[in-house]
Amino acid sequence: MQALIGGNGAGKSTLVSIITGVVQPDAGEMLLDGAPFRPRHPRDALRSGIAAVYQEPSIVPYMSVLDNIMLGQEIIGPGGLLNWAAERARVRGILHDVLQVDVPVNAPAGSLSVGQQQVVEMARALVRNARLLILDEPSAVLAGQDIEHVFAAVSRLSSHGVSVLLISHRLSDITEICDAVTIFRDGEVVSRGPLAQYDMAGIIRQMVGRDIGPETRSASAGDRAIVLDVDRLELPGTGPAGISLKVRAGEVVGIGGLMGSGRSRLVRAVSGCEHTTGGSIRVAGVSVRRNSIRAASRNGIVLIPEDRRRMGLVVNMSVGSNMTLAVLDRIARFGFLDHRRERAMIERGIRELSIKAGSDTQAVRNLSGGSQQKVVLAKWLAAEPKVMLLDEPTRGIDVGAKAEFYDIVRHLREAGLAIVLVSSDLPELGMLSDRVLVMSGGRIKGELPGGRASEEAMLEMAMAKAQLRDEP
Amino acid sequence: MRAGAGWLARRGSSGGAVWIIVLAVVVVLMVGHGSAFLAPQNLAALLSASVVLGLVSIGEMIVILTAGIDLSVGSLASLTCVLAAGLIAGRSALAIPILLLILALGAAIGVFHGFLVTKLRLAPFIVTLSTYFILEGVGFGYTTVPIGSMPAWVTNFYFSQIGPVPWIFVILLAIGLGLGLVLSRSRYGRHLYAVGGDRVVARSAGINVTRVIILAYVISGILAAFAGYLLAAQAGTGVPSSGSGLELSAIAAVVVGGTSLAGGRGHLIGMAGGVALLSLVQNAFQVLAISGFYQGVVRGVVILAAVAIFSQKD
């Protein structure tokens with residue numbers, strides 16, 4: 001039972017993809033039972049007894065659990081028909097004896113909880129006589145009791161000779177079931193050994209490495225007016241108390257936490273993209289209707305989404321068209337677009353954000369990541385927002401463009417915008433934010449002032465089993 | 001997805017619910033026109049009329065289970081109808097060989113469909129719609145007027161019965177039971193449902209998705225071709241466009257019977273109920289002597305009602 005630990009972007013998922021044959025390595029070699037192992041296709045890995053269970057359950061929803069477990073490994077009886085009795089026996093054997101879970105075998109797999117679905121996937125791997133089971137952040141999508149069940153099942157695997165590689169940042173789970181630990185950082189193993197050798201502080205130190213670089217801090221927001229007031233916003237998974245936070249004009253509130261902590265969902269909920277079941281949102285004192293993107297944007301709430309290609313841009317449209325997309329009603333007269341006003345808007349956007357495009361008629365698809373992100377920014381700035389929510393804005397952007405982006409954020413901050421920044425890049429978070437809220441498991445675990453938001457502090461807060469602390 | 005909410009929903013999800021409507025229609029017919037409905041010629045006509053639709057619907061269901069669709073079956077049946085009669089031209093000895101040729105043609109077209117859908121990743125709707133037009137054109141090119149003739153023994157067989165039940169209906173039952181067994185109890189059947197339910201998961205479980213899909217279209221093609229041959233046997237000659245509209249009726253029967261157009265869900269029992277319903281409605285028109293205008297309206301309303309109540313909500 002080995003744990004693979006590393007921060008976001010450390011390279012764990014890539015490693016898993018290589019082991020399971022989804023991706024080919026550039027260099028180096030793998031040994032399986034002492035012999036070279038080079039899977040070129042997921043099927044090779046499967047045949048060698050390696051199976052992976054990911055966060056998104058890989059099941060056919062309307063087929064029964066039994067059929068799902070036996071998928072691809074069906075037992076044929078005499079006469080060429082399926083041997084239901086034999087299959088049922090095998091499945092029950094695995095579920096009851098090996099995993100010791102109670103899952104309704106005839107129910108459609110889609111009706112199970114996510115945790116149960118993951119157990120079904122594990123069972124499928126065992127039917128294939130998997131020798132190595134890789135679990136990729138299983139608890140990221142699980143809640144409460146589910147997690148107990150899954151980990152209980154996992155811990156029983158070792159007694160049946162199955163090796164498990166568990167990728168998780170939940171130290172509590174790791175300490176419960178794992179024997180050894182490997183710590184990743186920036187694509188390399190930085191530490192490895194039996195679990196007994198490590199304590200939480202030691203693990204975090206290895207995950208993080210050195211401290212972050214210099215910070216530029218200007219005057220704090222202090223007593224400026226509260227622009228965004230989120231009170232007890234309830235989303236599925238955030239718990240009964242909901243999430244509360246306040247952002248002042250000219251303030252950057254960073255939200256940190258590890259994958260699956262609910263940060264993206266929070267900002268998407270505030271902007272109306274994600275469904276909420278309770279709580280309130282106010283902008284400059286005005287109440288904003290939840291669950292409505294139009295209400296949010298009409299009140300000045302703007303979201304720069306995590307996946308700009310899919311959610312932020314119409315990739316086949318031109319730079320110019322994308323930039324004016326959100327405010328067409330302002331440049332239209334009687335339903336027809338006023339080209340002069342549109343041009344003026346586009347030129348202003350390109351100038352203010354220094355967008356490097358061949359021309360504004362170029363398709364956005366052809367721009368670099370950094371330029372694309374600027375177009376998304378320009379689009380929403382044209383709408384004159386009061387609150388800007390940034391969801392992993394510098395993902396996939398080169399260093400130079402990142403620096404330009406930081407400058408833009410600082411300017412916006414000085415212009416009085418209330419900014420919420422969700423980022424997995426801890427140095428970035430510490431550098432840009434006035435204060436950082438740390439989220440874990442759908443709740444805000446605590447707050448750190450911008451200057452002292454070191455990576456260690458953030459990780460410690462994220463991984464601790466702390467009590468829920470609301471915004472004061 | 002919530003599991004089993006209520007008796008009706010559960011019946012609906014297994015496709016058996018549509019049989020309730022079928023029963024209702026039967027009762028209505030018996031009450032009003034019992035003697036006419038239950039007359040042996042009428043029953044025989046009802047059963048034999050359901051054979052062509054039944055065959056095509058089985059094939060259609062298998063294709064729809066893969067999240068695909070086959071719009072070409074009507075044109076294919078029309079084509080094989082005139083081809084069969086035209087090529088046999090009354091010569092008894094050719095009846096079986098030409099039948100085999102016809103079936104091979106259906107299979108070949110199925111391979112063509114399957115290949116385009118899997119290897120070239122074209123949308124099934126467009127692929128089979130194109131074939132619909134192509135086959136229709138080929139049919140017209142071959143003949144625009146009734147052509148050829150089927151040997152007497154073939155036509156006689158079509159109308160022969162075992163007791164009150166036509167032989168061809170028995171054949172339909174046999175094919176239906178056989179394919180039903182394949183769907184529910186064979187490895188191919190399970191792979192079929194998996195491919196329709198979630199193609200990515202199926203592929204990652206090691207299932208040969210390409211082969212599953214191609215085979216589905218081949219089955220549909222063979223059954224549609226056979227249906228055309230039966231149409232020729234019934235008329236005694238090859239009447240152009242005799243299969244026209246079959247594809248839509250088949251799809252209706254399949255959907256009414258609880259098969260989801262999104263693939264991966266559906267039972268043969270339900271589809272059989274759909275076929276029964278449509279055939280009954282058609283028969284009712286004859287028994288009640290309803291005019292053409294009302295026929296269309298009633299058929300449409302019945303299908304809509306059945307779908308609204310009993311089909312899988314996607």
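This is a predicted model: local features need pLDDT of at least 70, side-chain atom pairs count only at pLDDT 80 or more; totals for chains, interfaces and linings use all residues.
**Entry 1. Chain A as a whole**

I began with the overall make-up of chain A, where I counted 17 helices and 20 strands. Chain A has 472 residues, and 45% of them count as buried.

**Entry 2. The six-stranded sheet**

Next I traced an open sheet of six strands in chain A, whose pairing is mixed and whose order reads β14-β17-β18-β11-β19-β20. Its edges are β14 (301-304) and β20 (443-449) of chain A, each of which pairs on one side only. From one strand to the next I noted an average twist of 20°.

Inside this sheet I followed one pair, strand β11 (residues 252-256) and strand β19 (residues 435-440) of chain A, which run parallel and are joined by four bridges. Which residue of β19(A) is the bridge partner of A:Gly254? I found that it is A:Val436. As a reminder to myself, strands of a sheet pair through backbone hydrogen bonds, either parallel or antiparallel.

**Entry 3. A helix crossing in chain A**

I turned to helix α4 (residues 84-98) and helix α5 (residues 114-127) of chain A, whose axes come within 10 Å and cross at roughly 115°. The crossing of α4(A) and α5(A) is right-handed. On the α4(A) side the contact is made by A:Arg90, A:Val91, A:Ile94, A:Leu95 and A:Val98, and on the α5(A) side by A:Ala123, A:Leu126 and A:Val127. Sorted by class, the residues of this contact are seven nonpolar and one charged, with no polar residue.

**Entry 4. The nonpolar cores**

A:Ala123, which I had listed in the contact of α4(A) with α5(A), came up again when I looked at the largest nonpolar core, which has 149 residues. The residues with the most contacts inside this core are A:Ala123, A:Leu133, B:Val56, B:Ala227, B:Leu230 and B:Leu277, and I note that these names come from chain A and chain B. Helix α11 (residues 209-235) of chain B gives the largest share of the core, 19 residues.

I then took up B:Ala227 and asked which residues it is in contact with, leaving aside its neighbours within four places in sequence. They are B:Val52, B:Leu55, B:Val56, B:Ala77 and B:Gly243. Apart from this core lies another, of 67 residues, which includes A:Ala269, A:Val288, A:Ala418 and A:Leu421.

**Entry 5. Where chain A meets chain B**

For the interface I recorded 21 residues of chain A in contact with 19 residues of chain B. On the side of chain A that touches chain B, helix α2 (residues 42-47) of chain A provides the largest share, three residues. By class, that side of chain A has 13 nonpolar, five polar and three charged residues.

**Entry 6. Two residues in helices of chain B**

I looked up B:Val111 and found it in helix α5 (residues 95-118) of chain B. Because 15 C-beta neighbours lie inside 10 Å, B:Val111 counts as partly exposed. Leaving aside neighbours within four places in sequence, B:Val111 is in contact with B:Ile214 and B:Val218. B:Val111 and B:Ile214 are 103 residues apart along the chain, yet their C-alpha atoms are separated by 5.8 Å.

B:Phe140, the other residue I checked, has its place in helix α6 (residues 124-142) of chain B. B:Phe140 is partly exposed because it has 14 other C-beta atoms within 10 Å, whereas a buried residue would need 20 or more. From B:Phe140 to B:Ser78, 62 residues away in sequence, I noted 9.7 Å in space, C-alpha to C-alpha.

A:Arg232 is not a glycine, and its phi is positive, about 50°. A:Arg232 sits in strand β9 (residues 226-234) of chain A, and I count it as partly exposed because 14 other C-beta atoms lie within 10 Å.

A:Ala284 likewise has a positive phi of about 50° without being a glycine. Where in chain A does A:Ala284 have its place? It is in the loop between β12 (278-283) and β13 (286-288) of chain A. With 16 C-beta neighbours inside 10 Å, A:Ala284 also counts as partly exposed.

How values were computed. Residues are numbered from 1 along each chain as its sequence is written. Chains are lettered from A and ligands numbered from 1 in the order in which they are written. A residue is buried if 20 or more other C-beta atoms lie within 10 Å of its own, exposed if 12 or fewer, and partly exposed in between; C-beta atoms are placed from the backbone. Two residues are in contact if their C-beta atoms, placed from the backbone, lie within 7 Å. Ala, Val, Leu, Ile, Met, Phe, Trp, Tyr, Cys and Pro count as nonpolar, Asp, Glu, Lys and Arg as charged, and the others, Gly among them, as polar. Two strands pair if DSSP finds at least two bridges between them. Axes are lines fitted to C-alpha atoms, for helices over the stretch in contact, and angles run from 0 to 180 degrees between N-to-C directions. A nonpolar core is a set of buried Ala, Val, Leu, Ile, Met, Phe, Trp, Tyr and Cys residues joined through C-beta atoms within 7 Å. A crossing is left-handed if the near helix is turned anticlockwise from the far one by less than a right angle, and right-handed if clockwise.
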